[in-house]
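Notebook open, model loaded. I'm jotting down what I look up as I go.

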Amino acid sequence: MSSKEKPTLGGTRIKTRKRNIAAPLDPAAFADAVVQIYLENVGDLELVARNIESSDLNFTRYGDTFFEVVFTGGRTQPGTIKPDEGERHPYSIIECEAKREAIFPSVSYIQKILRRRPFLIKNLENVMRKLLQSLELFEENERKKLAIFTALAFSQKLSGLPPETVFQPLLKDNLVAKGLVLSFITDFFKEYLVDNSLEDLISILKRGKMEDNLLEFFPSAKRSAEGFSEHFTKAGLVPLVEYNEKKLFEVKLKEMKSALTTQIAEESEISEVIENVKQRVKDAKLPDIEVVRILWDVIMDAVQWSGKNQQQNANAALRQVKTWAQLLNSFCTSGKLELELMYKVQMQCYEDAKLMKLFPEIVRSLYDQDVLAEDTILHWFRKGTNPKGRQTFVKALEPFVNWLEEAEEEE
């Protein structure tokens, strides 16, 4: 073979492709540098923050490592919370006292760092997720410190830390089953409510998609409304218990209304509808007054209105009252409940223009069907307390009341 060089075109430069040479990752050196700043400033977080802000450390690459140092005092082994090789400092969140006044400076310190380097919020999320998913590896006292830190972080609105970062990682079956999650979340609730209202807490739970799923924090054996009330009452969180009971009550009302709407739309047998309502009232322990309100709403919602034709609307409404009078009668079992029904009729006729003139006719129909007693109607006429449209309705009902009073005198 010839040893002669191959000819080349004159004046042409041969370009060689440059390789992308990545600098080797060195989180250990980064961690040691941050630890050294802590040690040199004896844990004074004000001074630590200033020195970190003026340093040329590569936070873009080692953000997770930075927060490991903040929380645990040094690097942790991958997939664990065990210390890795390298220097450590004794001023971490895990090493301080389990008191809000001891942990608060760390929250302020992180806030300062994030203001200068907002991109680090993702790294904070990563590390918090890792720590919370490893709750079983911490001592009880350390878990409490994490709960206090988390509560203070949300209380101080730590640079937009999203609630799902906290709540979702907690829902690991093994952590929930051991009761670790319930203990953590209880400490979190208690600490957060020191400075914030229940409404603020509910707002965070909504953003974290946990408002309707609080029982998921409970071990399966305690996962009930009774277990919820017992636990949080004992923890001194009575407002949370009351809120949850109200929430459950609203859900039960909604479920009964939905089932009743379906039955009425399908024109089920009245006896079947009555039995279904009674069973739901018994199971959910619903108050009689709420049942009467729902019954009226559902019955009238099912009316097929015909636009502006007043007579057709009147006929449709009265026909519906007559059809379902037996259902109303089964639950209007006292003067108090009958009066509540009259107030419902009054409010609907006041709020719905097409029903404004139907009030006396509806009341008369309910009387004829034995749903409203004479005494109830007279009481409403003479002493009714709801002012909405009252003067108009009293005047409209006056002829019927006069007829009732005359009949009473004749008897």
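Is serine 229 buried or exposed? I got 16% relative accessibility, so serine 229 counts as buried. Keep in mind that this is a predicted model.

**Serine 229**

I found serine 229 in helix H11, which runs over residues 225-234. Skipping residues up to four places away in sequence, I see serine 229 touching Val241 and Glu245.

**Histidine 89 and valine 69**

Next I went to histidine 89, which sits in the loop between helix H3 (59-72) and helix H4 (100-116). Histidine 89 is buried, at a relative accessible area of 4%. What does the side chain of histidine 89 reach at 3.0 Å? I traced that to the backbone oxygen of valine 69. With residues up to four places away left out, histidine 89 touches Val35, Tyr38, Leu39, Val69 and Gly73.

I then looked from the valine end. Valine 69 is in helix H3 and has 0% relative accessibility, so I logged valine 69 as buried. Ignoring neighbours within four places in sequence, I listed the contacts of valine 69 as Ala31, Val34, Val35, Tyr38, Gly74, Arg75, His89 and Ser92. I also checked valine 69 against arginine 117, 48 residues along the chain: their C-alpha atoms are 17 Å apart.

**Helix H13**

I moved on to helix H13, residues 270-284. Helix H13 has 15 residues and spans 21 Å from first C-alpha to last, close to the 21 Å expected at 1.5 Å a residue. Which residues of H13 are buried? I noted Ile270, Val273, Ile274, Val277, Val281 and Ala284. These cover an arc of only 115 degrees around the axis, so they fall on the same side of H13. The general rule I keep in mind is that an α-helix has 3.6 residues a turn, so residues three or four places apart point the same way. On the other side of H13, I found Ser271, Lys282 and Asp283 exposed.

What covers the buried residues of H13? My list includes helix H12 (238-265), helix H14 (288-301), helix H15 (310-323) and helix H16 (325-331).

**Aromatic rings**

Last stop was the rings. My count came to 21 aromatic pairs. I picked phenylalanine 59 and phenylalanine 66: the ring centres are 5.2 Å apart and the planes sit at 75 degrees, so I put the pair down as edge-to-face. Phenylalanine 59 and phenylalanine 66 are both buried.

Then I took tyrosine 367 and tryptophan 403, with centres 6.4 Å apart and planes at 85 degrees, so this pair is edge-to-face too. Tyrosine 367 is in helix H18 (residues 359-368) and tryptophan 403 is in helix H20 (residues 390-410), so the pair ties together parts 36 residues apart in sequence. I have tryptophan 403 down as partly exposed, at a relative accessible area of 41%.

Which charged end sits over the ring of tryptophan 403? That one belongs to arginine 364, 4.8 Å from the ring centre. I found another case at tryptophan 380, where the charged end of arginine 390 sits over the ring, 5.0 Å from its centre.

Terms used:
Residues numbered from 1 in each chain as written. Predicted model: local features only at pLDDT ≥ 70, side-chain atom pairs only at ≥ 80, totals over all residues. Heavy atoms only, no water. Phe/Tyr/Trp six-rings, centres within 6.5 Å; stacked < 30°, edge-to-face > 60°. Buried < 20%, exposed > 50% of the residue type's maximum accessible area, 1.4 Å probe, protein only. Helix = DSSP H or I, 4+ residues; strand = E, 2+ residues; numbered from the N terminus. Lys NZ or Arg CZ within 6 Å of the ring centre and 35° of its normal. Expected span 1.5 Å × (residues − 1). Arc of directions from axis to C-beta. Contact = heavy atoms within 4.5 Å. Polar contact = N/O pair within 3.5 Å; in protein donor to acceptor, adjacent residues only side chain to side chain.
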